[in-house]
Amino acid sequence: MRCSSGERIYNEFTELTAIDSVSFCERQMADRLTEKLRTLGFEVREDDAGRHYNGNAGNLYGCLKGQLPGPPILLSAHMDTVQPGVGKQAVLKEDGRIESAGETVLGADDVCGIIEILEGIRCVREAGLLHRDIEVLFSIGEELHLRGSAVFDFSQVKAKEAYVLDMSGAVGSAALQAPTLATFQITVTGKAAHAGFEPERGIHAIRVMCGIIRRLRMGHLDKETVMNVGQIAGGGSTNIVPESCICRGEVRSFDHQKALRTLDDITRTAREAADEAGAGVSIDTEIQMETYKIEETDPVVRRFAAACRELEIPCELRRTFGGSDNNNFAKNGIHGIVLSCGMYQVHSKEEYTFPEDMVNGARLVAKLITAEMRRQEPSAEISVLQKTG
């Protein structure tokens, strides 16, 4: 079976990336994808996930009955983009690269994944090939800590095997492990005073916060754990000793308990530094997603490896410090892996992709949904790389 040319994929890519679909503003994208799924024969339902976040659309869940025996397969990508994502314009370069016109992100994250799912299914349907039962989930709010899939009703999903098309890099890479992500906010309360007449009477909240941050370890704490402070804000006028200061950061770890211990260390450090300065402090933490690991011997991995081998696509298994809806799938008993879908330098105005990458991704989807449920043997061609990204 041969999937369509890059031209059809390019045309659909420019169509979908032109739709404004920043997080919680996915209404137009959801409507267009509902049309496309129904054209492919899917029964489509939209939930009320947007209501939880004052958004204008919900998660899209679709199912299509197949002819091959065995359990359904779940395919997933997300509908939202990061900012700046309003007024996106795709530009095709002479070397075949598709880039943003420069003022926004391109939107390849995650339109590449969406298109590869749609086109893979479309190719199979057009060729009249037998396929497994297919379930599709296009989520909202993934870029904001997986908010959409966090409130999705997984009881309606029959599949226990999932492929989430939402990772940078060439098609053929898959992540089997992702971290726990915990966020924290430290609020220091000092004492205001006039900076010109009586600064000594104040407790400088920003200075106290700087002392806290100076004591915190950041970057790679070990091979499994990273920590970062990404925001700091405080004060008002230049003539006032600042009374308050807030900083926000995150911890990621492949070991959930280690992530919790790191939060405890941050809390203890903040309290000690604030006490020494005579300031007040509060620390708020939240677990945004929990770590998971899929073994190389799992059928979902072996079927992916076999599909790559049959298509002569180099297969690479790794772990990633990035999160995806697959973290929520794992929490709900679904064995899934995250597939690269040919998007590069995502979350930046330099984001790009190639039609050839999306063609390969569609071929891979087509192979996965038409593969019979036979036992897959390990392949010596696969190497497990402990990569992050």
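I take buried to mean under 20% relative accessible area, exposed over 50%, and partly exposed in between, with a 1.4 Å probe and protein chains only. Helices (H or I, at least four residues) and strands (E, at least two) are DSSP runs, numbered from the N terminus.

**Ground rules.** I am working on a predicted model, where local features need pLDDT of at least 70, side-chain atom pairs count only at pLDDT 80 or more, and totals for chains, interfaces and linings use all residues. Residues are numbered from 1 along each chain as its sequence is written, and side-chain values use heavy atoms, with hydrogens and water left out.

**Entry 1: strand 3.** I started with strand 3, residues 73–78. How many of its residues are buried? I count 6 of 6, so the strand is mostly covered by the definition above. I then checked each face. Ile73, Leu75 and Ala77 are buried on one side. Leu74, Ser76 and His78 are buried on the other.

Next I looked for its partners. Two strands pair if DSSP finds at least two bridges between them. Strand 3 runs parallel to strand 6 (residues 134–139), with 6 bridges. In that pairing, Ser76 sits opposite Leu137. Strand 3 is also parallel to strand 7 (residues 161–168), joined by 3 bridges. There, Leu75 faces Tyr163.

Entry 2: As a reminder to myself, strands of a sheet pair through backbone hydrogen bonds, either parallel or antiparallel.

I followed strand 9 (residues 180–189) to strand 15 and found antiparallel pairing over 9 bridges. Val188 has Val281 of strand 15 as its bridge partner.

Entry 3: I use contact for heavy atoms within 4.5 Å.

Which residues of helix 6 are buried? I list Ala205, Val208, Met209, Gly211, Ile212 and Ile213. Their cover includes strand 9, strand 12, strand 14 and helix 7.

Entry 4: Most residues other than glycine have a negative phi, and most peptide bonds are trans. I searched for exceptions. Gln83 and Pro84 are joined by a cis peptide bond, omega about -5 degrees. Pro84 is in the loop between strand 3 and strand 4 (90–92). The bond from Asp109 to Asp110 is also cis, with omega near 20 degrees. Asp110 belongs to helix 4 (residues 108–127).

Asn54 has a positive phi, near 60 degrees. I place Asn54 in the loop between helix 3 (49–52) and strand 2 (60–64). Is Asn54 buried or exposed? Its relative accessible area is 78%, so Asn54 is exposed.

Gln345 has a positive phi too, near 50 degrees. Gln345 sits in the loop between strand 18 (335–344) and strand 19 (352–353). With a relative accessible area of 45%, Gln345 is partly exposed.

**Entry 5: Leu176.** I found Leu176 in strand 8 (residues 173–178). Leu176 counts as buried, at 5% relative accessibility. Setting aside residues up to four places away in sequence, I noted its contacts, among them Tyr292, Ile294, Val301, Leu317 and Ile337. I also checked Val229, 53 residues away along the chain; the two C-alpha atoms are separated by 27 Å.

**Entry 6: the whole chain.** I noted 10 helices and 20 strands. Of the 389 residues, 53% count as buried. Among contacts between residues at least 6 apart in sequence, 80% join residues at least 24 apart. The C-alpha atoms fill a box of roughly 80 × 40 × 40 Å along the principal axes.
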